[in-house]
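Let's walk through a protein structure together, one piece at a time. Keep the picture beside you and look for each part as we come to it.

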Amino acid sequence: MTHWFDELLPEAKAYVGEKRELVVNAGLSVSGLQHVGRLRGEITLSHLLARALRGAGRPVVQSLVLYTQDEWKGKEGQLGQFKGDEGRKYVGRRLIDVPDPFACHGNWVDHYWRDFGGVLERFAPGVRIVTTTEAYKNPEMQALVRDLAARSEEVRVLVNKYRARHPYPSGWIPFEAFCEECHTIGAKTISIDGTTAKYRCERCGHSGSSSIEKGKLNWRLEWPALWKVYRVDIEPFGKDHATPGGSRDSCKEIAETIMHFRPPMGIPYEWVGISDRGKDLGDMGSSDFLGFTPAQWIEVADPEVLRYLYAYNPIFRRLVLDLYRVDTYHDLYDRAEERFFSADREGDEEDQARSYELAQVSAPPTERPFALSYRHAAFLSQISPEHGRIEWCVKRLRDTGILDRTPTNLERDRIARRLEQSRGWVEKYAPENRVRLMEVLSPQVQSQLDAKDREGLRLYATKAAGLPWTEDAIKESMVSLTKAGSLPVETGRFFRDLYLVLLGSEKGPRAAPFLAVLEKEWVVRRLKEAAH
Ligand SMILES: [Zn+2]
Ligand SMILES: [Zn+2]
């Protein structure tokens with residue numbers, strides 16, 4: 001089986017043919033929360049394509065258009081960002097003209113772009129960003145606006161083919177002017193002369209004129225106009241535009257018949273959903289403020305881990321992300337890393353290895369680096385001292401045999417990052433993994449153990465003393481002990497006893513990965529002490 005990306009790439013190469021300088025573009029509307037779903041097609045896929053084409057010796061620009069002239073619609077989620085009713089008075093303005101609800105940035109766009117644009121370089125370096133606000137200052141774009149206005153009847157007939165039920169009336173000009181009176185966008189354009197639009201505003205009744213720099217083309221014209229002005233060759237886009245006879249088809253036809261150029265290769269992709277502890281909450285949505293941002297992601301994981309999920313899961317299939325499962329995502333990533341550095345792979349392992357390679361932002365290391373399990377890191381970060389934490393953890397990893405050599409700088413850096421990331425993850429998204437070792441076995445705990453409890457702990461202490469202290473061996477020892485029926489207490493009671501004597505509480509995290517990062521001697525001593 002060929003990796004989905006390696007099936008797509010030859011198609012892209014065939015589409016662009018011999019053309020040397022290429023532009024891979026995508027577009028985003030900064031209508032609200034800039035969630036990680038937008039890193040999938042718009043950023044990661046574009047980056048993979050741009051990088052592969054550069055590898056084939058061509059200069060490639062990866063570009064991103066931010067739709068900042070779009071109207072702020074005042075959806076419920078958007079209004080909810082403001083205190084009380086304040087948001088209502090901004091409905092109809094351009095996104096760029098809506099104030100920052102939190103007053104820490106110049107406007108709405110700057111505020112919501114921060115948690116995406118501010119860390120974008122780490123997910124895909126070198127993306128060229130243009131806003132549509134800038135685009136309308138471009139003389140080429142302005143000339144196109146004039147041309148389309150001059151041929152408005154021809155444009156109208158074509159656009160109406162796609163709007164059978166609500167055709168535009170004769171005299172329609174495909175430009176949404178800015179109203180100087182009520183400062184909204186979408187005033188009806190009467191005529192365009194030079195860089196000035198004459199308009200009549202249906203919102204406030206004002207008639208006047210404004211610069212075309214402040215307005216925008218109707219979206220069916222705007223999309224192909226941006227392709228033309230920015231010379232786009234390849235463009236991934238969200239699947240909602242992809243239906244036959246849908247918006248992309250109309251834009252493609254406009255490009256070919258009205259603007260006379262070949263439209264870019266379009267690559268539709270599926271949305272990214274969000275779930276909360278396994279409960280699917282639907283697709284991430286910007287103006288619905290549903291999802292989480294790239295800035296939130298890098299608090300708990302490296303960008304490569306998310307890129308891996310995007311590289312591994314075919315672009316045409318929906319994917320659901322859950323911050324509660326970040327530990328599992330690391331398991332997947334680590335396993336893929338292992339496959340990548342292994343000579344012996346079969347079936348899906350090939351896809352995993354290839355996805356790992358694609359996920360790397362920089363060239364992958366030459367040898368397989370040590371990967372500290374995210375779950376181990378989560379516990380280590382909590383039981384280690386604040387001061388000198390990394391040294392302490394490295395020593396513990398050496399002592400427990402999890403790490404069998406002195407780590408390289410790269411490995412140390414990754415250990416340090418995982419300690420910090422996993423700790424943040426426990427605090428923010430998985431608090432049931434919080435642990436605090438009980439320094440001294442308390443009389444309260446001892447009083448909660450009866451003779452059978454103590455016998456169970458004694459049995460396990462003996463077993464543990466003879467184990468190689470790894471997660472797998474610990475897990476196996478517990479399974480064999482509970483399955484063999486040799487425990488004097490029920491399985492649930494045994495774990496309750498175990499957590500009680502180690503943590504002082506009846507519940508705790510998954511036992512094997514947790515025990516594996518503790519000192520074996522300490523665990524055995526504590527069990528024996530409690531069994532005494
Ligand atoms: Zn702000
Ligand atoms: Zn107005």
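D193 stands opposite T196 in strand 6. The two strands that meet here are strand 5 (residues 185–193) and strand 6 (residues 196–200), which pair in the antiparallel sense over five bridges. Strands here are DSSP runs of E with at least two residues, helices are DSSP runs of H or I with at least four residues, and both are numbered from the N terminus. Two strands pair if DSSP finds at least two bridges between them.

Before going on, a word on what you are looking at. This is a predicted model, in which local features need pLDDT of at least 70 and side-chain atom pairs count only at pLDDT 80 or more, while totals for chains, interfaces and linings use all residues; side-chain values use heavy atoms, leaving out hydrogens and water. Residues are numbered from 1 along each chain as its sequence is written, and chains are lettered from A and ligands numbered from 1 in the order in which they are written.

Now step back to the sheet around that pair. It is an open sheet of five strands in the order 7-6-5-4-8, with antiparallel pairing. Strand 7 (207–211) and strand 8 (216–217) are at the edges with a single partner strand each, so each has one side without a neighbour in the sheet. What holds such strands together? Strands of a sheet pair through backbone hydrogen bonds, either parallel or antiparallel.

The zinc ion (ligand 2) is coordinated by the SG atoms of C179, C182, C201 and C204, at 2.2 to 2.3 Å. Donors are N, O and S atoms within 2.8 Å of the metal (3.2 Å for Na, K and Ca); water is not among the atoms, so sites may look incomplete. C179 lies in the loop between strand 4 (175–178) and strand 5, and C204 in the loop between strand 6 and strand 7, 25 residues apart, and this pair links distant parts of the chain. In sequence the donor residues follow the spacing C-x2-C-x18-C-x2-C. Is C179 buried or exposed? C179 is buried, with a relative accessible area of 0%, whereas C204 counts as partly exposed at 36%. Buried means under 20% relative accessible area, exposed over 50%, and partly exposed in between, using a 1.4 Å probe and protein chains only.

There is another zinc ion to find. Which residues coordinate the zinc ion (ligand 1)? They are D100 (OD), C104 (SG), H105 (ND1) and H111 (ND1), at 2.0 to 2.2 Å. Their spacing in sequence is D-x3-C-H-x5-H. The four donor atoms subtend angles of 105 to 112 degrees, and therefore the arrangement is tetrahedral. Four donors count as tetrahedral if all angles lie between 85 and 135 degrees. The ideal angle for four tetrahedral donors is 109.5 degrees. H111 is buried, with a relative accessible area of 7%, and H105 counts as partly exposed at 27%.

Next, look at strand 11 (residues 272–276) and strand 12 (residues 279–283), which run antiparallel and are joined by three bridges. D276 stands opposite K279 in strand 12. Their hairpin has two residues between the strands, and R277 takes a positive phi near 50 degrees there. These strands belong to an open sheet of three strands in the order 12-11-13, with mixed pairing. Strand 11 and strand 13 run parallel, joined by three bridges, and G273 stands opposite V320 in strand 13.

Our last stop is helix 21 (residues 491–503). Why does its length make sense? At 1.5 Å a residue, its 13 residues should span 18 Å, and this agrees with the 18 Å between its end C-alpha atoms; the expected span is 1.5 Å times one less than the number of residues. Among its buried residues are F494, R496 and Y499. The cover over the buried residues includes helix 19 (451–465) and helix 23 (520–531), where contact means heavy atoms within 4.5 Å. G504 follows helix 21 and has a positive phi, near 80 degrees.

Finally, take in the whole chain. It has 23 helices and 13 strands, and its C-alpha trace spans about 95 × 55 × 40 Å along its principal axes. Of its 532 residues, 53% count as buried.

Technical notes: Tetrahedral: all angles 85-135°; square planar, octahedral: opposite > 155°, others 65-115°.
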